[in-house]
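Dear colleague,

I am handing over the structure we spoke about, and I would be grateful if you could look through it alongside these notes.

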Amino acid sequence: MRLTVAQALVRFLAQQYTERDGRRRRLIAATWGIFGHGNVAGIGQALLESGPREMPFLQGRNEQSMVHAAVGYARQCGRLSAHAVTTSIGPGATNLVTGAALATINRIPVLLLPGDSFATRPADPVLQQLEVPHAGDVTVNDTLRPVSRHFDRITRPEALIPAALQAMRVLTDPVQTGAVTLALPQDVQAEAHEWPPEFFAERVWGVRRPRPDRDELARAAEAVRGSARPLIVAGGGIRHSGAGAALAQFAEATGIPVASTQAGKGALPYDHPADVGGIGHTGTAAADELARGADLVIAAGTRLTDFTTASSTLFQNPAVRFLGLNLDPYDAHKLAARPLVCDARVGLEDLRDAAAGYRVDPGYESAYKEGKRSWEHLVDRAWAAPDEDAAPTQVQVLGLLDRIVGADDILINAAGSLPGDLHKLWRARAADQYHVEYGYSCMGYEIPAAIGTALAAPGRPVWALVGDGTYLMNPTELVTAVQEGVPIKVVILDNHGYASIGGLSGAVGGEGFGTAYRFRAQDGSYTGAPLPVDLAANAASLGMAVIRTRTIGDLRKALIEAREADRPTCVYAQTRTPDTVSGPPPAQAWWDVPVAETATRASANAAREEYDRQAAQRRRHL
């Protein structure tokens with residue numbers, strides 16, 4: 001069969017499927033694209049020729065955003081279905097780097113198909129060619145190597161066959177998955193080749209559920225039976241494995257409490273008796289107090305990042321030991337843990353059986369349940385909004401939203417102070433309701449990810465929660481939502497600047513320098529009047545239905561209206577600075593942000609004293 005490389009690739013992708021637990025799904029469900037001279041006559045022509053039934057096409061506005069949308073889609077699909085993203089060579093290709101880093105860090109599959117410089121070098125240099133005197137084969141696409149789980153450059157047509165198969169292998173590997181890049185020189189894309197029919201045969205990629213090793217399982221069960229104050233830390237692996245029911249059964253059988261990372265929040269619904277909420281720097285008082293006294297930490301499907309471990313200051317029991325239940329041996333061994341390398345669902349099921357008969361002391365169980373009740377009272381207090389005519393705080397916005405959503409609603413966020421407030425306070429009702437990207441915490445993720453998520457979950461209300469700083473970085477895909485009729489709900493919280501980093505700056509002696517959206521004052525500092533930026537008008541100019549709000553009463557009505565809307569809708573909320581009644585509870589654990597060791601300003605010196613006090617609690621778990 002004689003086809004161009006691009007035509008062959010599109011036809012091949014249309015025949016790839018995943019299968020897990022007897023359910024089969026299309027692996028590459030659609031392709032996002034922005035076309036330029038590096039792909040318009042190759043992949044662009046091939047997508048036109050294939051038509052929407054063979055390979056659906058989605059038009060993006062920003063290359064980074066297209067990757068974010070693909071990540072949102074794949075995450076909602078449990079990593080069993082993904083999107084491809086094609087761009088031209090040059091700025092289009094390098095714009096993929098941030099999105100690729102996000103996908104790889106979060107271990108979400110996305111296939112990147114950037115155009116590349118001419119393989120045949122008909123002229124030297126060509127437009128957008130990076131000239132490296134010591135390496136003639138380097139192009140700008142090499143910037144994608146360190147942020148891709150797999151990278152290949154197709155310099156000859158016949159090289160596509162092994163490269164495409166390897167790409168599918170990595171995309172469907174639950175340990176190795178992330179961004180996969182196939183760089184496609186623009187001349188090779190258009191070159192014809194005689195392809196074997198077998199290349200286009202339907203191919204099913206099984207997604208493994210490895211069971212634990214017998215000896216590792218026995219040692220893990222022994223650790224559980226020997227513990228008096230165990231704690232489970234549930235990470236994103238619980239969600240990716242679909243292990244929520246297994247986790248609930250394990251917790252119910254043993255009485256062991258469950259705290260969650262950002263990626264794992266929702267693994268148990270908030271009202272499950274064993275759920276104690278988020279853990280770490282943005283966690284609850286109940287979870288962090290349990291972590292400080294735990295003698296066994298079962299790290300289930302988590303990477304144990306610094307937010308989770310409070311920068312290695314959280315687990316303070318001198319006798320604490322760790323059990324790493326993880327599909328990836330790299331993560332299973334962290335903190336000198338006893339490894340239990342396996343799929344999260346089957347691992348929890350097997351560990352429950354191996355530790356049959358074990359249950360925590362009733363006093364321990366009663367204590368953590370009381371801690372959870374006390375925290376919920378704090379949440380109610382933070383969310384209280386008695387004055388209907390007042391401007392809401394950010395936390396009160398979340399409280400109002402909490403009262404109108406159901407288990408079908410999905411909340412998306414990634415950066416600013418919102419992830420911390422959500423992790424501490426949000427009451428997740430379903431395993432996939434809480435969608436906070438905190439592996440890379442990328443500003444600009446929320447809106448495109450909401451589109452991808454909505455495409456994977458049609459009919460469900462999908463909310464993108466953004467601050468004004470995040471909104472200004474990347475609002476372009478609102479146009480895509482309007483074009484495609486994807487009824488996402490965007491909530492813009494306008495607090496006149498980078499409020500999250502402004503707060504952190506104040507805490508570490510930076511005095512909020514360079515974080516406010518204000519005019520310059522006479523002394524040259526950004527301390528003048530707030531900028532007259534109208535984000536609601538901007539969203540409306542991009543085609544969104546916009547509801548402006550100023551008061552708590554306005555906001556309540558607007559959120560209800562937006563939830564029922566059948567078109568993309570934006571709720572614009574001007575927030576006020578939180579006070580001691582309506583603000584969020586403070587951080588319950590530390591986070592290491594280095595402070596100047598020497599300075600002339602009193603604020604920095606005071607912050608350094610506090611830093612030294614906290615850093616002294618760091619531990620190396622050996």
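What volume does the second largest pocket have? The second largest pocket has a volume of about 440 Å³. A pocket here is an open set of points on a 1 Å grid over the protein atoms alone, with protein on both sides within 12 Å along at least five of seven lines, while a cavity is a set of points where a 1.4 Å probe fits but cannot get out; lining residues have an atom within 4 Å of a point. Grid points are joined across faces, edges and corners, and a volume is the space filled by probe spheres set on the points.

Before going further, please note that this is a predicted model, in which local features need pLDDT of at least 70 and side-chain atom pairs count only at pLDDT 80 or more, whereas totals for chains, interfaces and linings use all residues. Residues are numbered from 1 along each chain as its sequence is written, and side-chain values use heavy atoms, with hydrogens and water left out.

To return to the second largest pocket, 23 residues line it, and Q76, C77, G78, R239 and G242 are those that lie nearest its centre. Two or more lining residues come from each of β3 (23-26), α3 (63-76) and α9 (236-241), and α9 gives the most, with 3 residues. Helices (H or I, at least four residues) and strands (E, at least two) are DSSP runs, numbered from the N terminus. By class, the lining of this pocket divides into 8 nonpolar, 7 polar and 8 charged residues, where Ala, Val, Leu, Ile, Met, Phe, Trp, Tyr, Cys and Pro count as nonpolar, Asp, Glu, Lys and Arg as charged, and the others, Gly among them, as polar.

As for the overall form, the protein chain comes to 24 helices and 23 strands, and its C-alpha atoms fill a box of roughly 70 × 70 × 55 Å, taken along the principal axes. The radius of gyration of the protein chain is 25 Å, which agrees with the value near 25 Å that a compact globule of 622 residues would have; the radius is taken over C-alpha atoms, and the globule rule is 2.2 Å times the number of residues to the power 0.38. Of the 622 residues, 58% count as buried, a term that means under 20% relative accessible area, with exposed meaning over 50% and partly exposed in between (1.4 Å probe, protein chains only). Among contacts with a separation of 6 or more, 77% are accounted for by residues 24 or more positions apart, a contact being heavy atoms within 4.5 Å.

The structure also holds 3 cavities of 30 Å³ or more. About 110 Å³ of space lies in the largest cavity, which is lined by 19 residues, with K265, Y270, D275, G277 and W426 the closest to its centre. At least two lining residues each are supplied by β14 (275-278), α15 (362-383) and α17 (418-425), and the largest share, 4 residues, comes from α15. This lining has 9 nonpolar, 4 polar and 6 charged residues. The second largest cavity, with a volume of about 70 Å³, is lined by D468, L472, D494, H496, Y517, L531, V533 and L535, which divide into 5 nonpolar, 1 polar and 2 charged.

Helix α5 (residues 96-106) has 8 of its 11 residues buried, so it is largely enclosed by the rest of the structure. The cover over its buried residues includes α3, β6 (82-87), α4 (91-94), β7 (110-116), β9 (179-185) and α9. Just after α5, R107 takes a positive phi of about 60°.

Finally, T470 is found in helix α19 (residues 468-473) and is buried, with a relative accessible area of 6%. Leaving aside residues up to four places away in sequence, T470 touches A415, M443, G444 and E446.

With best wishes
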